[in-house]
Amino acid sequence: MNKFLFISVIFNIIFSYNSVFAQQNENLNVLNYNLRDGLSNNNINFIFQDYKRYIWVGTFNGLCRFDGYNFKNLFLEATVEGNSINHFKSYFKINDSIYWISTHIEGVFELNVNQLKLKKIENSPPVVTQINIDKNGNLLLGTLANGFFIYNHQSKQFKQYLLCPLRNEFKYNWNNNTVSGIVQDPLNDSIIWLGCRSGLKSFNKITLKINDFNLSRPEESHQQALNHVISLFAEGKNLWVGRYFGGLGKFDLITKTWKNYFYNPKNFEQKVINDNTIIKISLKKHNELWLATSAGTYTFNKETESFKKYNLVLNNKIINTGTTSILVDNARNYWFGHNDQIGITMSSPKLNSVKKYIFPKQKYVYDYYGSVITDIAYSKKHKRYFLTVTNHDGLLEYSENFELIRQNIIPNNWKNYEPFAVEVAEDDRGVIWVLDITHALICFEPKTAKFTNFKSSLFESCNSITSDTNGKLYFLTENGFFSYKENKWQNIAKLPVNIKLSNIKNDKLYYVEGRKIKLLNLVSAKTTLVSELPKFSTSNNNYIQNVFCDSKNRLWLPLELGGVYLYDLNNQKLSILSGKQGLISNTAREVIEDKTGKIFLLCNGGFYFFDEIKYRFIDFDNLINHQSGEWYEHFIAFTQKNEVILSQSDSFFLINQSQVLQFHNNKPVISSVLGNGFEIFQFNKSISIPNYENYIKISFTNFDFGSTREIIYEYSLDNNKGNWLQLEKGKNTVELQNLTEGSHIFRVRIVGSNNEVLLKFSIKVVWYKSKLFYIPVFISLLLFSIWLIVYMLRRKYNEELLKKMIAEYKLKSLQSQLNPHFLFNCLNSISALNKIGEHEKSEKVLQSFSKLMRMILNISNEQLITLKQELELDSLYMDIERLRKNYTFDYKIISNIEDTSKIFVPPLLLQPFLENCIKHGFNSDMQPMGLISITINKTTAKLIIEINDNGFGIESENNKLKASKGIEIQRERLKQFQFTNNMKIDVINHCLQPQGYIVVVEIY
């Protein structure tokens, strides 16, 4: 160890037991939220704010989301028995939408803040005390009695590390394997620091080695307290350590030395737990730490090494309670979680922008009536404020920080009543001038605290005192308007005493006389008419309460009835500001301007800030959740620090108006849409509501937590912008009933603001009325019709196909009948020739028959053959018959078609008719010789084949009795054929006179 390090270690050891006595206290006004407000449990473990600005609270029984008005509570369903299943202990932000939330017994859950859903992290340790992250992005989890875990974000696996080996004794595991704090070493990526019950430990992720660091010396009597670490916070080269009643420790990561700090060393020595138990440590500023302790909320200044305690003031009473968690939200509001049935408290700049001052007990005889401020003057010479008050000694002196210096009883010029001062001013010599209700002037010398009743030969009574920026005083008296400076009086002009004077700007004074606005030039003493006001309902000019000229060269004239007259001196334009410009009360009293040019108006029951951009008044009172009752309406002014002074009976308030206006967020946010059995939290372009819902409840907020209960909203539905409906103050929900089916647009804004937010939603149409119903019905009917048509066509096709198949089978059957009939006739002819000894003929017939049979076999499976093949077959057949009939007839074929090989006809089309001619038309005795003619013609529409013979004719008595079976078969065959082959065949036959027969076959 080098010399410098040795000296450093010795120095830290000597001063490690450090008592910090430089203690400070600061009061914070707070709001309290607990079970009565909807919080699920009054014991709190953590608080955080998500990217949407909602506040999340982890309690002993439920996880809660707060929008400034209401709590939305999330609960887990138990997987193990016990009362702590919804005990949420710690959190860690993964990204804007996802947080890891640990529980006391159920393990770790993933919270989706957009969907308000909790999902269990598989295989997570059951009791996680703290979640952190290392520099590699791996999550670090400290546990109760189970050591610590490292979660690899890539493999999504937990790995457990024990500080001590597991034993059967539960107490051993509890004390030595409990990790209450876990942080990454900011200087060494491989080191993790662990806060344990047995002290501070380091874990090397590479060597897996654990080192112990004792935070106490052997001779110290409270070693257990100094080594019982319950919170850690790493910053720079220091590790800040919070102990269980062991105070705050600073551990140097380089020298490995420590230093201890105690808010109250005496409590530490006496083993008092509260103010030296540091539950959580976080950063407030670069040189300050937040400390959540069992005794409340502290800050620790690292430079001065001093503590400051925050006293939480609720309804003017200090809450002495422990703090478990601290949050500073994005609007600089302070949130404190408590674990002793208090719930959460919130302190905003707005709440602490108001400071109340009580008038001191009056020296004069007590009067029943309370006192209010009538005027205020700041003395540049004496660096203090002088306040004139009614019924309360008359004149009070306050320092620049509004600490009471002195209360002075002014001479009582109003017999039988208390002193009643109405105006006050300071001259160039530092003398304070007071005007009382009797129109008497009183001079006050602050150095000697002496009053003098002013007497003058110039005038006896005074009506008003005013001053310019150079310290010159002006007095309106019954004898004229006088100026006073350097102990010199000057009569400037003769003015009526019952006029209303403005403040003095650039040696110009405006005043109202009757209904006329006039200008008095204080240099030239000339009076000019500026304008004439509209006629009042009466001639009483008390309707004008005050006249004020602002820095923009405008005259403000508040009226007892009717709002405010605003006269622009630049363009000589008069306008009236009233309810349409945001005023709730039209009884206006006084207008003033602060150092930055902001205009404020005091009215009955409140005061307003004038927004120049929106050209309307904003109810300033509604921006502050002041919890102090109604403001008194008789006085308003500004201090040198630009704070607003407001008077109330026997007291007054100072308001930091910059804090109030700085955080005023005037654009609301839709937080939820609630209906019967559903609640929606995510809003994209539009949301859809079930058709059975004609009632919904819309909630909204603006996250102005310091004044949510004071903000007034207004809304409109379905683009009805001209009809904004205003809600009650502090109400943030709208219930919409009897909604019609279809699309709707909901608008909401804060009164006085043009920044509105839209919510588009639609009520689904009842199923039997919706287009989505008719379209499927139409499509279904169309598809059914198409199916029916297809079914019928297919059925018809199948029927025709069946008929065709039957016809084909029948045709084949007929053809099979025809062929045997033909063959039978041929064989009979051959047999007959053999019987009569005509063997040569018989042989020729047989040869022709074999050739004919070969052709028949070739065409037996064909439904159509060429006309050429048909004629060849018919020629062979007739040659056979001629030979068999001993050449008693002849035939000829006349074709008027060039190419018969391109025309198709049914096979054996003509054979039955030729057979009939031969068999029934001719005999051996016939003279002349029989002749059969086959004539073939073709038109554009049909093929015509004529078979003509010169035989006896079918009408002869003999032939009537000899009906040909072949003809009958052929007729039926052709009938079936024209169905199966989509070919129409007509057979026309008739007898010729005096003899012969003709058969005409027409094929279409």
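Select E756, which is partly exposed at a relative accessible area of 21%. (A salt bridge is a side-chain nitrogen of Lys or Arg within 4 Å of a carboxyl oxygen of Asp or Glu.) R747 counts as buried, at 8% relative accessibility.

The model is predicted: local features need pLDDT of at least 70, side-chain atom pairs count only at pLDDT 80 or more, and totals for chains, interfaces and linings use all residues. Residues are numbered from 1 along each chain as its sequence is written, and side-chain values use heavy atoms, with hydrogens and water left out.

**The whole chain**

Zoom out to the protein chain, which has 11 helices and 75 strands. (Helices, H or I of at least four residues, and strands, E of at least two, are DSSP runs numbered from the N terminus.) Of its 1004 residues, 53% are buried. Among contacts with a separation of 6 or more, 53% join residues 24 or more positions apart. (Contact means heavy atoms within 4.5 Å.) The chain exposes about 48700 Å², and carbon and sulfur atoms supply 50% of that area. (Accessible areas come from the Shrake-Rupley method with a 1.4 Å probe; for residues, only the protein chains shown count as cover.)

**More salt bridges**

A search of the whole structure finds 24 salt bridges. Select E679 and K72, a salt-bridged pair whose closest N and O atoms are 3.0 Å apart. E679 is in strand β61 (residues 678-680) and K72 in strand β7 (residues 71-74), so this pair ties together parts that are 607 residues apart in sequence. E679 is partly exposed at 31% relative accessibility, and K72 is partly exposed at 27%.

Next select K237 and D252, where a salt bridge brings the closest N and O atoms to 2.7 Å apart. K237 lies in the loop between β20 and β21 (238-243) and D252 in strand β22 (residues 248-252), so the pair ties together parts that are 15 residues apart in sequence. K237 is partly exposed at 39% relative accessibility, whereas D252 is buried at 12%. Then select R384, E397 and R406, which are linked in a network of salt bridges.

**Empty space**

Rolling a probe the size of a water molecule over the atoms shows where empty space is left. Go to the second largest pocket, which holds about 1300 Å³ of space. Its lining has 42 residues, and T129, I230, I279, K280 and T324 lie nearest its centre. Elements that give two or more residues to this lining include β4 (44-49), β8 (88-93), β12 (128-133) and β16 (179-184).

(On a 1 Å grid over the protein atoms alone, a cavity is a set of points where a 1.4 Å probe fits but cannot get out, and a pocket is an open set with protein on both sides within 12 Å along at least five of seven lines; lining residues have an atom within 4 Å of a point. Grid points are joined across faces, edges and corners, and a volume is the space filled by probe spheres set on the points.)

There are 3 cavities of 30 Å³ or more. The second largest cavity has about 60 Å³ of space. To find it, select its lining residues, among them A295, Y310, I319 and H338. β27 (306-314) and β26 (296-301) each supply at least two lining residues; the largest share, 4 residues, comes from β27.

**Two loops**

Select R332, in the loop between β29 (325-328) and β30 (334-337). Its phi is near 65°, a positive value in a residue other than glycine. R332 is partly exposed, with a relative accessible area of 42%. Q341, in the loop between β30 and β31 (344-347), also has a positive phi, about 65°, and is not a glycine.

**Two helices**

Select helix α9 (residues 911-921): 10 of its 11 residues are buried, so the helix is largely enclosed by the rest of the structure. Those buried residues include F913, L914, C917 and I918.

Finish at L783, in helix α6 (residues 771-835). L783 is exposed, with a relative accessible area of 53%. Together with I775, F778, I779, L782, I786 and V790, L783 makes a nonpolar surface patch of about 640 Å². (Patches are made of residues with over 30% relative accessible area and no salt bridge: like charges are joined within 9 Å, nonpolar side chains (Val, Leu, Ile, Met, Phe, Trp, Tyr) within 5 Å.)

Key. Buried < 20%, exposed > 50% of the residue type's maximum accessible area, 1.4 Å probe, protein only.
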